[in-house]
Amino acid sequence: MQFDLWSKGLASLEAECLVVGIFDESELSEEARAVDSASGGRLGQLVSRGDFPGRSGETLLVTDLPGLKATRVLLAGLGAQKTYGRKAFRKALNAAVTALARTRIASVAFAVARPSFKEVDDYYFGRIVAEVVGSALYRVNDLKTAKKPKPHALESVIAGAVKGSGAAAAKRGLTHGAAIAAAAKVQKDLANLPPNVCTPSYLADQAKALAKAYSSVRVTVLDEAGIRKEKMGCFLAVTQGSSEPPRFIVIEYKGPKAPKAPIVLVGKGITFDTGGISLKDPPNMDEMKYDMSGSAAVIASLTLAAELRLPLNVVGLVASCENMPDGRAVKPGDIVTSASGQTVEILNTDAEGRLVLCDALHYARRFNPAAIVDIATLTGACVVALGAHHAGCMSNDDALARELVDAGQRADDRAWQLPLTEEYADQLKSNFADFANIGGREGGAITAAAFLSKFTQGLKWAHLDVAGTAYVGGTHKGSTGRPTPLLADFLIQRAGR
Ligand code: BES
Ligand code: MN
Ligand code: ZN
C-alpha cells in the first residue's frame, strides 16, 4: 500500500474516490465545505435534504459529483461534532475503508476532519490513518473451501493535508502506522490458526523465518533437551502431558546505534490450554487456542522493530507448549523446581501460564535488560476485573507501568494498572514448597502477577494480562491483535520516536 499526503486543492485530487467526513446535525466541516463549493453546492444540498445524516460509522457512495477530478465521493459519518475525537475519527476511517474494500476502487484520498491537535498531532494523524487502513483490510486466513470473494483493489491512500513542517512527522506516522497494522496482522494470523497447525514448532519456524527476512534478527530455538539443560522444571512440568514437543524461542533484534541493555519481551505461548488434569469445562474450550496470543504479540513486536529499524536492542522470549491431560501429565500436588531454583507446588494444573513464564523470566536475566515486559493471556480473573477494554498491567516498577499505560493510551490499545503490593504474595503460601502456583479466587489476576514477581526480583519488570483483550469470542470470534499496538508505541517511544 502506497501512502501519501495531499497538497493540491481537493477538487483537483486525482484519486478514484474522495472520502468526505460529514458531522451529524452540524455545519459542514472545512473539508466538506471545500468539496461543496467545488461541486457547486451539490454536497450541501444532499446533506440538507437529509440523504446522509452523518451518523458515526455510516457511509454513502455518491458518484459523479460535478467539479471534482475524483469520480466518486464516499461520505463518512463523523457523529456529533461536540464529542468528535480520536475514537470517532478511527470509526469513520474504518467504516470508509470497509466500504471501499467491497468495491474495485484502487486509489483513495481522505478529506476527513481531524480531531484537535491536542488529541491527534501530525505524527499520530498519519499513524492512525495508516493503521486503520491496514486493520480494516485484514481478512482472516480461514480454511473454508468455498471460493473466496475477490480481494480489495486498494493500492494507494492519500491520508489528508498536513501543513508545512508537520508533513515530515505525518509521513513518519504513516510509515509507523503501516508497520503497526502489519505487526498486528502477524499476531492475528498466528493466533487465528487452529491449534493443530499453530504448534510450538510452528511458532519456532515463524521466528526462524523472521531471522531469514531481517539480517538484524537472530533466532535460537531450544528443544526439550535444551529446555532441560536450562533446568526449566516449571516449563517442563506443563509440557510433560503433551505429545507435541515444546519449544523455547529466543529472538534477538540488534538495532542501529542502540543502547546496549535490551528490552526483553516475554510471551506466553500455550498453543492449547485444556487445563491439564485440572481440566477446563467444554464450552468455548476451542478459544484456548488463543492462549499463545502473548507469544504472537512478541513475534509481532520483534517484526515491527526490525521493519522500522528501531535504534534499540530487543529480545523476544517465547515459552511454548501445550497443556494437556495424560497419563504422564503433571498432577495437582506435584512439586517442581524452577530454573531459578525455587520450588513450586502445582495445586492447579490450569494455572500453567505462570509456570512457563517464570522460567522464561529467569532466562531473561542473562541479558541484563533495561526492562522486561511479559505478555500473557494469564487469568480469567483479569477478564472479570477489566473486561475486554483494558489489559491488566502489573509491575514492580511504577515508572515502567506508567510508561506502558501511557503507550496504550496513545495507541488506543489501553491497559490499566492493578496494584501489586506485597500482601498478595501471602496468598501463594504452600506447606510443602517455596510457594504454590495459585492463590485462591480473590484478586486472581494479581496473585498470578505476584507469583511472577518471585522471579523478577531486582529487575525492572511489568506484566500485561491480555486474557480479556487479545481475542473476541462469539460470532465475531477472532484475534484482536492486541497488545501489539501498545507494545509498538512503547518501543517507538523508547527509540525516541
Ligand atoms: N489461559 C487461562 C486464562 C484465560 C482464561 C485466558 C479465560 C483467556 C480467557 C489460564 O491458563 C488459566 O486457566 N488460568 C486459570 C488460573 C486459575 C486456575 C488460578 C483461570 O483463570 O481460571
Ligand atoms: Mn490454564
Ligand atoms: Zn492458559
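In this predicted model, strand β8, which spans residues 247–254, pairs with strand β10, residues 313–323, in the antiparallel sense over eight bridges. Within this pairing, Phe248 stands opposite Ala319 in β10. In general, the strands of a sheet pair through backbone hydrogen bonds, in either a parallel or an antiparallel way.

Both strands belong to an open sheet of eight strands with mixed pairing, whose order is β7-β8-β10-β9-β13-β17-β14-β15. Its edges are formed by β7 (217–222) and β15 (415–417), each of which pairs on one side only, and the twist from one strand to the next averages 20 degrees.

Two helices contact this sheet. Helix α9, residues 293–307, packs on it and touches β7, β8, β9 (263–273), β10 and β13 (371–376), with a direction that makes about 140 degrees with that of β9. Helix α15, residues 484–494, lies across β9, β10, β13, β15 and β17 (461–465), and runs at about 165 degrees to β9.

The model also holds ligand 1, which has 16 residues around it, and Lys280, Asp291, Asp350, Glu352 and Gly380 come nearest. The shell residues divide into five nonpolar, four polar and seven charged.

| Residue and atom | Atom of ligand 1 | Distance |
|---|---|---|
| Lys280, polar side-chain atom | oxygen | 2.8 Å |
| Asp291, polar side-chain atom | nitrogen | 2.9 Å |
| Thr377, polar backbone atom | nitrogen | 3.4 Å |

Of the 510 Å² of accessible area that ligand 1 has on its own, the protein covers 78%.

Note on methods
Residues numbered from 1 in each chain as written. Chains lettered and ligands numbered in written order. Predicted model: local features only at pLDDT ≥ 70, side-chain atom pairs only at ≥ 80, totals over all residues. Heavy atoms only, no water. Near = heavy atom within 4 Å. Polar contact = N/O pair within 3.5 Å; in protein donor to acceptor, adjacent residues only side chain to side chain. Areas by Shrake-Rupley, 256 points an atom, 1.4 Å probe, with all protein chains shown as cover. Nonpolar A, V, L, I, M, F, W, Y, C, P; charged D, E, K, R; others polar. Pairing = 2+ DSSP bridges. Helix = DSSP H or I, 4+ residues; strand = E, 2+ residues; numbered from the N terminus. Axes fitted to C-alpha atoms, helices over the stretch in contact; angles between N-to-C directions. Contact = heavy atoms within 4.5 Å.
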